[in-house]
Amino acid sequence: MISIMTLMKTNSELTDDIMTEAAPDMAQPIDPNGPVLGRVFNRVSDRTQKGITYARSDIEFDAIGQFFCRDISSGMTAAGEGVLDMTMGVPGDVVDAVDLILCLQNTVVEPPKDGSCLKRMSILRKRPDVSAEFFQEQWFELHAILVKRLPGLKGYRQNLVLDGPRNAKGEMMVDGMVELWFEDGAAIDAAFGSDIGNTTMMHAKEFIAEISTFLVEPHCASGLS
């Protein structure tokens with residue numbers, strides 16, 4: 001599965017009124033025969049390091065759009081046909097910038113479908129002394145096993161970045177995007193404060209330089225959540 005994400009910066013708060021104005025565009029039905037299987041708009045509600053203490057990057061944004069495609073070919077088709085509305089209905093005069101990220105999606109624990117849980121998304125940057133291959137191996141294998149054992153975990157999805165924004169040196173600014181679902185904020189704190197949570201974060205230091213967490217409010221999810 002391929003996940004195409006848009007990191008959106010806005011020049012004003014994404015108020016409920018703006019979200020209401022954008023809702024009809026966000027809620028457009030998914031063509032069952034089209035290249036996009038699902039989409040969701042995530043409005044950022046909290047930028048603190050919820051549940052963890054870890055070095056944070058300077059990347060900031062106000063929303064994350066997600067489009068789910070079967071493979072890279074489908075994603076290219078969607079982009080070519082103009083199916084990917086990167087702002088997902090948010091008025092153009094509100095949007096400052098949008099960065100596009102192409103990811104290989106790996107669902108470890110199927111997320112809840114009813115929207116009842118709290119969603120936390122994180123940006124990962126790998127340690128500069130580890131290869132992209134080592135990063136993927138550690139993240140998809142041992143780290144996935146450890147996170148899956150966190151108490152209270154309701155859903156877990158990894159998104160390995162294949163291409164995205166780069167800095168002046170040509171280096172990737174994002175190496176991974178994490179999606180976690182828990183019952184509430186207290187459950188996040190309890191999970192990462194547990195013994196397995198401590199072990200998980202100790203392992204993270206072996207291959208991850210920065211983890212930047214964001215609590216998000218999913219809006220108008222269609223197809224995959």
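**Close-up views of a predicted model**

**View 1. The lining of the largest cavity is made of 11 nonpolar residues, 3 polar and 1 charged.** The model shown here is predicted. The structure holds 1 cavity of 30 Å³ or more. About 130 Å³ of space lies inside the largest cavity. Its lining counts 15 residues, and the closest to the centre are Arg-120, His-143, Val-147, Val-178 and Leu-180.

**View 2. Helices and strands supply the lining of the largest cavity.** Three strands take part: β5 (118-126), β7 (176-182) and β8 (208-222). Two helices join them, α3 (132-148) and α5 (195-204). Each of these elements gives at least two lining residues.

View 3. Helix α2, residues 72-80, contains Met-76. Is Met-76 buried or exposed? Met-76 counts as exposed because its relative accessibility is 60%, and exposed means over 50%.

**View 4. Lys-154 sits in a loop.** This loop runs between α3 and β6 (155-163). Lys-154 has 38% relative accessibility, so it counts as partly exposed. That class lies between the limits of 20% and 50%.

**View 5. Lys-154 and Glu-110 are 44 residues apart along the chain.**

How values were computed
Residues numbered from 1 in each chain as written. Predicted model: local features only at pLDDT ≥ 70, side-chain atom pairs only at ≥ 80, totals over all residues. Heavy atoms only, no water. 1 Å grid on protein atoms, 1.4 Å probe; cavity = no way out; pocket = protein on both sides within 12 Å on 5 of 7 lines; lining within 4 Å. Points joined across faces, edges and corners; volume = space filled by probe spheres on them. Helix = DSSP H or I, 4+ residues; strand = E, 2+ residues; numbered from the N terminus. Nonpolar A, V, L, I, M, F, W, Y, C, P; charged D, E, K, R; others polar. Buried < 20%, exposed > 50% of the residue type's maximum accessible area, 1.4 Å probe, protein only.
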